[in-house]
Structure formats: C-alpha cells, structure tokens
Amino acid sequence: MEFNSVLISLLISSIPFLLYFVIHKSKRRQNITESPTPPGSTGWPIIGETLEYLATTKEGIPEKFINDRRKKHNRKLFKTSLLGQPMVLFGDADGNKFIFSNENKIVTPWWPSSVDKFFDTENVSKVESAMKMRKFVTPVLKPDSLRKYVEVVDEKTRRHMENKWTGNEVVEVYPFAKDLTFALACRLLLGIDDEGVISELQKPFGDFSAGLLSLPIDLPGTNFRRAIKAAKKLRKVFESMIRQWKSDAVENSTNSTCRGMLSRHIMDIFSDENGDSVGESETATRILALISASYDNVSTAMTFVLKYLAEMPDVYDAVLREQQEIAEGKKPEEALNWQDIQKMKYSWNVASEVLRLHPPANGAFREVIINFTYCGFLIPKGWKVHWNAFATHKSAEYFPEPEKFDPSRFDGNKTIVPYSYVPFGGGAHMCPGKEYARISILVLMHNVVTKFKMEKVFPDEKVIGLPVLRPAKGLPVRLYPNQL
C-alpha cells in the first residue's frame, strides 16, 4: 500500500516534466494540428457546395458564391467542398499573393481527374505535367516571337471580318470571335491558312470545347463522351502535323506548314533539358491544351470588349480617336505593326477593364502538399485551394464602385493593389499567353472601330457563365459602316 502511494506520488510529480517534454519535442506539430481549419460549410455529402457554385457561375455572378460566404464566415478565406474535394477559397489580394508566391512550395497545380481523360494524362503527375506545359508554351508565346506576327494577325483579322461582316446588317459577335480566335491559332501556332482545313479542324474542336467543362458523365450521347472522342481525333491530327514539321526541319523545307510559331521552335520542343526525346503524342497533347486556352479565353475577352464598345458611345468614341490617329499615320491597307500596338494605351485600358469585370477564367485550383497555417487556420495536406479572380475584381475594397465600367482605373494615375487584378494569374507563373491575347484583342478593336459602329440587338442581353462566360444570345449587333 505504501509502495503504491509512493509510485503514485512519483507519477504525479513527473507529470510537469512529461508535459514539458511532449510540448517542446512536438511543439511545431502541435501548433499546426491544434489550429482550427477555416470556418465554413462543406455542404452535402460528396457534392458539397458544387451545385451552388455552378449555379452562381451559370448566372454570370460567380462573385455571389464567394461574397456570401466571406460575409458569413471570414473575409480572407473560408472552407467549402467543391468537385468532391475539401477546399479553401481565398478572398483577398493577400491570399492571391500567398498562393502565387508558394507555387510548388506548399501548393501545386491541381485539376479534376475527369480532365485527364481529354489530355491523356491519367498516369502523369499534375506537377510534372504543368511544368512541362509551361516549358513548352513559354518560348512560343514570348513577346520577342509575337511581335513579328502582328502583321499576320492584322491581315487574318481583316480577311475574317470581310468574309463575316461585309454586307451583313447584323452579326453575332460571340460565334464570330470563336471563329476568329481559332483561325488565328491555326495560322500563328500551326502555320495553317487554308480555310477548308481550318473549318474541318474546328468541327471536332467545337465538340471538345463544349464538353471540356461539362458534367463528367462518360456515357454515349453526352457532351463529355463526344469531347473525349474529339480530343483523341485532334491529337492524331496534331501528331501527323508534328511528323511533317520534323521532316520539313530535316529537309530545311520552306513548306507553308513550317510558318507557325510552334514549328519554328519544334526542334527545341522535342529535346528536353536532359536531351531526352519528347514523344509526338505528348507534344500533341500540349498543342491541344494550348489551342484550347486561346480558343475559349481570348474569344471571350474579344466578345466582351465589343459588347462594351457597342453599348458605351463615349468609350467607343475615345477608342476611335486613338485608333484613327494610328490609321492616319499609315498608308492605305498598310498592316499594323508592333509599334502601333504600343500606341494603343487607352484601348488597352478599355480591354483591361473588360477583363476585370469579365475575366475569361474564374481562377485555378491548387493542391496542398504540406500542412500549413494561414491567418491562424490550418490548411491540411491533401486539401485543395482555389483562387478566384472575381473575389477581388468585384470587390469595392480594391475597385470603388466595382460594377461600374471605368477604363480610367488603368490609366497609370491610380494605384492598383498588387494581386487584386489577376485575369492572367500572377507571380512567376502568370499566364504566358497574356501578350498573345493583348495583340489579338487590340488588332480586332482597331479593325472594328475604324470600319463600323455597333448597336446591340438585345440591349438587356444576359451574361451566363457555363461552360464559359458569354452573352446568352451570342451578342448580335447591328453594323453601321463608319465612314472616316
């Protein structure tokens, strides 16, 4: 009995030392694991809050999903469940900066597994795939390469407008922008200028684009199944092109298929930093992804730029004055060049404001690779995080009167909070297609305003958001020749 009392006393007296040992040996781990996860709701089992997220996106107001939860839970971040994954949404510029600054440190690229079916990447690491894609795209879309193609963009845009607009009283802007963007991608990237070949390529690409963001139901007759088939067909076409490029390169051929930006870099693309050959299938997949990004994102931006030019006479007049001054300094039918693009400052302010109000892509997803805390909350390894451009673009904290269209926000006299304006992402991993988009949009603006005035057929046409942001009726406009 006495022995038991002594033992108990020893155990009791040792508790402070045991606690000290446990606390200080595992202090860092405990500090993390004892932190609460961000406030929020994970919604229904499996589907989480995906339906609410998609519903606001479909209505063209994805910021509502974010703002409602920021007000309810936390201004900076909240947890939810999207696409079957526990997820944290960041709601301010600091959160954007944190994500962009920690790429491949604590977060890595992530996308739903259903997307892998389109690009044949089921067995490829998402990190490796993203890094290789950036390495593939960057040399092709760098400004030094693009500036040589401004004249080509102008010529192609003029021809497209002559075919689609001349002689028509009403045109639908959205389908026109899709066709133009695809034609530009074929000419600039692939070296294809034959309209018949472009049309044949665009048919499967339309199916692919329609199913890329559809519900992942792999059954006959669904958009998803048609998109998978279209992706396979397109990859085979691109593989054939690649073989021709390689052959032309060996023969030092001047064949027209070697006039695209991709073919000019093809030998560099086919050899990685270790000297290992990159397969034709893998390269074809990257070409598919590259053209897909330009097809949807650039065409969406073009559509909304023309929307505001059609409905805001003062903005149209200011753009016209700038573009007319450029036109007057050139010979008749002389193509635009890189120096002309640099003069289009107000026009780019207009486009920038369009991209603020209607960013072509909502944002992107990342996967957490180590436990970390942010603002006192635990973000566990394996969770997903989502940055969304609408969270800051439509916030009065960063843009006073956020719903107002005001190109002067970007005239250089006003300070834009870093990482609050992110239509192309941010940091070291900013979208390499920004300059490609800028040239394409500005060349179109020049050719439209110097030739036409526009009037919307449906003044109150709604904006919808699925599969991508767009006017619900395709934005039909009446054309009035602009006699300069």
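Student: Which helix gives the most to the positive patch?

Tutor: Bearing in mind that this is a predicted model, the general idea is that Lys and Arg count as positive, and here helix 12, residues 223-251, gives the most to the positive patch, with three residues. The patch itself is formed by K117, K229, K232 and K236.

Student: What makes up the nonpolar surface patch?

Tutor: W44, I46, I47 and L51 make a nonpolar surface patch of about 510 Å². Of these residues, W44 has its place in the loop between helix 2 (27-33) and helix 3 (50-58), and W44 counts as exposed because its relative accessibility is 60%, where the cut-off for exposed is over 50%.

Student: Turning to helix 4, which of its residues are buried?

Tutor: In helix 4, which spans residues 62-72, the buried residues are P62, E63, F65, I66, R69 and R70.

Student: Why can the buried residues of helix 4 be said to line one face?

Tutor: One looks down the axis of helix 4 and finds that its buried residues fall within an arc of 155°, so they line one face of the helix. On the other side of helix 4, K71 and K72 are exposed.

Conventions:
Residues numbered from 1 in each chain as written. Predicted model: local features only at pLDDT ≥ 70, side-chain atom pairs only at ≥ 80, totals over all residues. Heavy atoms only, no water. Patch = residues over 30% accessible without salt bridge, like charges linked within 9 Å, V, L, I, M, F, W, Y side chains within 5 Å. Areas by Shrake-Rupley, 256 points an atom, 1.4 Å probe, with all protein chains shown as cover. Salt bridge = Lys/Arg side-chain N within 4 Å of Asp/Glu carboxyl O. Charge placed at Lys NZ, Arg CZ, Asp CG, Glu CD. Helix = DSSP H or I, 4+ residues; strand = E, 2+ residues; numbered from the N terminus. Buried < 20%, exposed > 50% of the residue type's maximum accessible area, 1.4 Å probe, protein only. Arc of directions from axis to C-beta.
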